[in-house]
There are 2 protein chains.
Amino acid sequence: MARRIGKQSILLNNPVFISNSFTCAGIKECNGPLGKCFDVHVPDDKWGEDSFEKCERKMFGCVMHGCAKCAGVKLDDIDAVLSGDLLNQTISASFSALDFGGSYIGLYGACSTMAESLALASCLIDAGAISNAICLTGSHFCTAERQYRMPLDMGTQKTPTSQMTVTGVGGAYVGGNDTGAAINAVTFGRVIDMGISDANNMGAAMAPAAADTINAHVLARNRKLEDYDAVITGDLGKLGVELLCKLLSQYGYNVKNNIIDCGCLIYSEDQDPHMGGSGCGCSAIVLNGFFLPKIKTGEYKMVLFVATGALLSTTSSMQGENIPSIAHAIEIIYTGGC
Amino acid sequence: MARRIGKQSILLNNPVFISNSFTCAGIKECNGPLGKCFDVHVPDDKWGEDSFEKCERKMFGCVMHGCAKCAGVKLDDIDAVLSGDLLNQTISASFSALDFGGSYIGLYGACSTMAESLALASCLIDAGAISNAICLTGSHFCTAERQYRMPLDMGTQKTPTSQMTVTGVGGAYVGGNDTGAAINAVTFGRVIDMGISDANNMGAAMAPAAADTINAHVLARNRKLEDYDAVITGDLGKLGVELLCKLLSQYGYNVKNNIIDCGCLIYSEDQDPHMGGSGCGCSAIVLNGFFLPKIKTGEYKMVLFVATGALLSTTSSMQGENIPSIAHAIEIIYTGGC
């Protein structure tokens with residue numbers, strides 16, 4: 001049996017291995033500082049498809065097949081796919097699951113989806129409900145811009161606090177062999193609203209959710225923040241991380257330089273990403289492409305991965321609502337590997 | 001440990017009690033044949049709010065609080081809310097979770113959400129990952145019409161195969177006391193596309209997913225279809241049920257009159273619902289308001305609840321895509337109760 005610890009956290013009975021991962025990224029992401037970490041470089045915004053949405057879906061399919069192939073298993077041997085994305089009715093995730101003949105568990109956690117899917121899959125695997133799963137999520141700059149903001153053709157200028165939606169899909173095959181990394185505890189976050197209503201300032205909206213979930217997890221685990229080699233946040237961007245550090249200090253934590261944000265890593269300054277990267281794909285490709293290999297070699301012995309999601313829609317924004325946010329956390333440990 | 005049976009099904013270690021349920025329904029639903037079964041009757045389309053979306057959200061809040069109150073527990077004593085809805089970025093589910101201080105697990109399964117949330121929650125409770133949860137979902141005719149089809153003000157005529165989105169939210173408190181009903185096995189469905197692309201013929205799009213999941217569940221349980229007092233489908237409507245029965249006959253099942261569709265029950269003919277009710281709220285209020293009380297008194301000893309979801313968006317339809325669908329199933333048994 002898993003053990004409920006604290007109000008929101010779960011200590012798994014046995015660590016669940018993150019056996020393999022696979023990533024697929026766009027041009028700008030591949031030209032950025034982490035470009036070499038991504039498995040498939042998408043050559044342009046459409047990748048031979050006739051719409052951006054179909055390109056995004058193709059990337060989901062590519063990663064789903066990639067995860068299985070790298071793990072040396074057939075898609076048929078996988079019990080479940082847990083997935084979601086940013087598009088209305090999560091069409092990228094669900095349409096790409098047509099290739100898969102097993103159980104599909106559709107999620108909506110906005111940019112927290114990578115952590116949400118891994119947290120749920122690890123609980124289900126630990127329980128014996130499924131034996132393995134592929135968890136994946138992603139985003140596409142062009143589909144997100146036209147859905148959430150303006151059609152690209154308008155060339156709308158971005159505000160200083162805005163972030164850039166990552167074109168990328170990342171996935172992990174969990175429940176297979178021990179290849180060096182495993183999930184041993186998870187925290188499902190709660191929905192937080194601290195009054196931010198500017199849809200171009202997601203970092204500020206999501207920072208309180210990240211702080212809340214990190215606090216809940218660290219307390220439940222009876223640990224200090226510095227016990228983690230890295231606390232990897234999803235896509236807070238420069239401003240969001242600054243706010244997160246302030247909030248954690250207010251909670252009484254000794255905030256050092258182990259807080260690393262995927263949104264701050266993915267682009268270089270000269271790529272003009274404003275506050276940094278965002279979108280489901282941001283933490284998905286940075287966790288799976290950049291951090292997991294480092295955990296598997298033991299460079300990081302224990303990390304807390306905290307993906308953050310802003311739960312807004314264009315309708316809620318137009319109706320004058322704030323932006324509630326959520327963050328889910330998974331604790332990943334180095335297992336020594338095979 | 002739960003036990004994986006068949007390709008997609010899970011037999012729980014211990015049955016998970018559906019301790020209480022609560023429903024909130026709109027005018028047309030309350031005037032229909034099941035009107036008396038619903039706990040709160042919403043007096044009009046806005047319920048004192050300034051938009052349909054805010055009304056839908058208020059209904060979610062009403063049901064979340066109602067579930068806790070009926071169970072005699074505080075919201076604070078509940079570990080998790082599992083929820084989702086039809087609106088872009090599932091704003092009704094996530095905004096209403098602001099009232100709740102525990103873990104929020106956001107789902108997207110379209111109209112399959114009631115079964116998806118109950119299936120996931122029962123697995124997590126059985127595993128000890130959480131001790132209890134509220135599962136809820138719903139829809140609102142006016143928000144769905146303007147998002148998926150046309151603004152109501154246009155008075156667009158409905159096609160003969162169309163269904164009517166239910167205004168209603170239903171929820172269940174799971175993991176509490178034995179009050180007569182429990183989940184003992186679940187099946188997570190797979191995404192199916194049989195070539196239907198008419199967004200006004202959801203029944204036809206979803207019937208193959210329902211047939212596939214029912215077949216998977218019944219095979220995994222090594223049962224016959226007639227072993228169930230009722231196989232309760234989500235919202236296939238008249239045409240969808242007809243297709244489902246044909247498909248099940250083709251699979252070799254002896255199809256009798258134990259297949260009951262929530263979409264066919266909720267309105268009377270003189271309410272002119274065309275093929276019947278639809279939307280997340282349809283199966284949510286019919287299961288929680290109408291069927292659960294019958295299970296708890298032993299009128300039904302064992303049912304299979306199969307909520308079906310059409311995974312389309314306006315974007316996918318406009319881009320000429322078919323409508324992939326999914327169905328999740330939960331097997332609910334009469335426990336004798338307290």
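This is a predicted model: local features need pLDDT of at least 70, side-chain atom pairs count only at pLDDT 80 or more; totals for chains, interfaces and linings use all residues.
Me: What makes the pair of Phe290(A) and Phe291(A) edge-to-face?

Reply: The ring centres are 4.9 Å apart, and the planes stand at 75°. Pairing needs centres within 6.5 Å, and edge-to-face needs planes over 60 degrees apart. Both conditions hold, so the pair is edge-to-face.

Me: Why is the pair of Phe291(B) and Tyr300(B) called tilted?

Reply: Here the centres lie 5.9 Å apart, with the planes at 50°. Stacked means under 30 degrees and edge-to-face over 60.

Me: How do you know whether Phe290(A) is buried or exposed?

Reply: Its relative accessible area is 19%. Buried means under 20%, so Phe290(A) is buried. Phe291(A), at 1%, is buried too. In chain B, Phe291(B) and Tyr300(B) are both buried.

Me: What puts a charge over the ring of Phe95(A)?

Reply: The charged end of Arg57(A) sits 4.5 Å from the ring centre. The distance limit is 6 Å. In chain B, Lys46(B) lies over the face of Phe52(B), 5.2 Å from the ring centre.

Me: How do you know what kind of axis relates the two copies?

Reply: Chain A is superposed on chain B by a rotation of 180° with 0.0 Å of shift along the axis, at an RMSD of 0.0 Å. The copies are therefore related as by a two-fold rotation axis. In chain A, the C-alpha nearest that axis belongs to Leu107(A), at 2.0 Å.

Me: What makes Ile332(A) stand out in the largest nonpolar core?

Reply: That core has 116 residues, and Ile332(A) and Ile332(B) are those with the most contacts inside it. Leaving aside neighbours within four places in sequence, the contacts of Ile332(A) include Ile18(A), Ala181(A), Leu287(A), Val303(A) and Phe305(A).

Me: Which residues lie in the other core, of 68 residues?

Reply: Among them are Cys67(A) and Leu136(A), along with Phe60(B) and Ile78(B). This core lies apart from the core of 116 residues.

Terms used
Residues are numbered from 1 along each chain as its sequence is written. Chains are lettered from A and ligands numbered from 1 in the order in which they are written. Side-chain values use heavy atoms; hydrogens and water are left out. Copies are superposed by least squares on the C-alpha atoms of residues with pLDDT of at least 70 in both. A nonpolar core is a set of buried Ala, Val, Leu, Ile, Met, Phe, Trp, Tyr and Cys residues joined through side-chain atoms within 4.5 Å. Buried means under 20% relative accessible area, exposed over 50%, partly exposed in between (1.4 Å probe, protein chains only). Contact means heavy atoms within 4.5 Å. Rings of Phe, Tyr and Trp (its six-membered ring) pair if their centres lie within 6.5 Å; planes under 30 degrees apart count as stacked, over 60 as edge-to-face and the rest as tilted. A charge sits over a ring if NZ of Lys or CZ of Arg is within 6 Å of the ring centre and within 35 degrees of the ring normal.
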